[in-house]
Amino acid sequence: MKFKARTAFAALLLSVPAVAFADADDDKLVINGDLEIVTKAPAPAHLSDSLDEIMSGWHFRSDETQALEMDDFDNPGMIFVDQAIEAWNTVEGAAGKSCASCHEGPENMAGVRAVYPKWNETAGEVRTLEMQVNDCRTSRMEADAWKYTGGDMASMVALVTLQSRGMPVNVAIDGPAQATWEQGKELYYTRTGQLDLSCASCHEQNYGNMIRADHLSQGQINGFPAYRLKNSKLNSVHARFKGCVRDTRAETFKPGGPEFTALELYVASRGNGLSVEGPSVRN
């Protein structure tokens, strides 16, 4: 027997000590004193039946956590960006190449993060940024692929993401990407696990509510990779998906697999119009 939305959410709350209700704040995110990030925007057309406004997860954080993201000297995620710059210039693999051999400076990646995941015509599939990084490593550098949710990968994606910071997310969901987008949408609204919850149960129907001492956000991914104070490292989109699925007490999908790739495309499209924000800081 299926739970209704409120019943399912109540089941989740049975496992936590307290729940409260609070709205997202109206603070403005300005990074380094001059880069204003769009953290609230009208919902894209495909969400017109469910949301009027989309909001970055930054609005659901404490003032202290928000402040960490407002200055790159305070943002702990920038340490990993610095590590990725070194990796960018390091020659690896049998081809004797580095990232810089083909792309020169990381600044040439400006605009890339804003449109990923995206359809790759040559591969005949939707690819995430992590998939593209590994394709470059294996086919162009002839180097070993990185673990999809590993530290090296998260750092490199953060470096590439940084080059698009402030640009609007503009993920394409039509044409050959539409079938994957539809798959991701179905996954987003499908209830799974012992708690019979979907992504929408928390991030569409109950955002702004608090579980334990933390807000439920809209689950936007424009800020990923995200440095989480909880585990003191950069976290990738699929690692967060895996954690969410685990919290519903369901069997998870493989990071980098077709299910999470489809889900990432759909969730990214829910943030179309927000600024690329990563590397962000979250609880």
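Three bridges tie strand β10 (residues 226-228) to β11, and the two run antiparallel. Helices here (H or I, at least four residues) and strands (E, at least two) are DSSP runs, numbered from the N terminus. Across this pairing, Arg228 sits opposite Lys233 in β11.

A word on the ground rules. This is a predicted model, in which local features need pLDDT of at least 70 and side-chain atom pairs count only at pLDDT 80 or more, while totals for chains, interfaces and linings use all residues. Residues are numbered from 1 along each chain as its sequence is written, and side-chain values use heavy atoms, with hydrogens and water left out.

**The sheet and its surroundings**

Strands β11, β10 and β12 form an open sheet, in the order β11-β10-β12, with mixed pairing. Two strands pair if DSSP finds at least two bridges between them. The edge strands, each pairing on one side only, are β11 (233-235) and β12 (280-282). From one strand to the next the twist averages 40°.

One joins Phe224 and Pro225, with omega about 0°, and Pro225 is in the loop between β9 (214-215) and β10. Another runs from Gly278 to Pro279, with omega near 0°; Pro279 lies in the loop between α10 and β12.

Elsewhere, Asn32 has a positive phi, near 60°, in a residue other than glycine. You'll find Asn32 in the loop between β2 (29-31) and β3 (35-37).

**Helices that cross**

Two packed helices are described by the angle between their axes and the distance between the axes. Axes are lines fitted to C-alpha atoms, for helices over the stretch in contact, and angles run from 0 to 180 degrees between N-to-C directions.

| Helix pair | Angle | Axis distance |
|---|---|---|
| α3 (residues 78-88) and α6 (residues 151-162) | about 95° | 8 Å |
| α5 and α6 | about 105° | 10 Å |
| α9 (residues 237-247) and α10 | about 100° | 11 Å |

Angles under 35 degrees count as roughly parallel, over 145 as roughly antiparallel, 65 to 115 as roughly perpendicular and the rest as oblique. That is why α3 and α6 are called roughly perpendicular to each other. Their contact (heavy atoms within 4.5 Å) uses Met78, Phe80, Val81, Gln83, Ala84, Ile85, Ala87 and Trp88 of α3, plus Ser155, Met156, Ala158, Leu159, Val160 and Leu162 of α6. By class, this contact has 12 nonpolar, two polar and no charged residues. For the classes, Ala, Val, Leu, Ile, Met, Phe, Trp, Tyr, Cys and Pro count as nonpolar, Asp, Glu, Lys and Arg as charged, and the others, Gly among them, as polar.

The α5 and α6 pair, with its angle of about 105°, is therefore roughly perpendicular as well. On the α5 side the contact involves Leu129, Glu130, Val133 and Asn134, and on the α6 side Met153, Met156, Val157, Val160 and Thr161. Its residues divide into six nonpolar, two polar and one charged.

Helices α9 and α10 are roughly perpendicular to each other too. Val237, His238, Phe241, Lys242 and Val245 of α9 meet Phe260, Thr261, Leu263, Glu264 and Val267 of α10. That contact has six nonpolar, two polar and two charged residues.

On a 1 Å grid over the protein atoms alone, a cavity is a set of points where a 1.4 Å probe fits but cannot get out, and a pocket is an open set with protein on both sides within 12 Å along at least five of seven lines; lining residues have an atom within 4 Å of a point. Grid points are joined across faces, edges and corners, and a volume is the space filled by probe spheres set on the points.

How many cavities of 30 Å³ or more are there? The count is one. The largest cavity has a volume of about 120 Å³. It is lined by 15 residues, and Tyr116, Val169, Ile221, Asn222 and Ala268 are the closest to its centre. Helix α10 (residues 258-270) gives the most to this lining, with three residues. The lining splits into nine nonpolar, four polar and two charged residues.

The second largest pocket holds about 380 Å³ of space. Its lining has 21 residues, with His103, Met109, Gln132, Val133 and Cys136 nearest the centre. Elements giving two or more residues to the lining are α4 (99-103), α5 (129-140) and α6. Of these, α5 gives the most, with seven residues. By class, the lining has 14 nonpolar, three polar and four charged residues.
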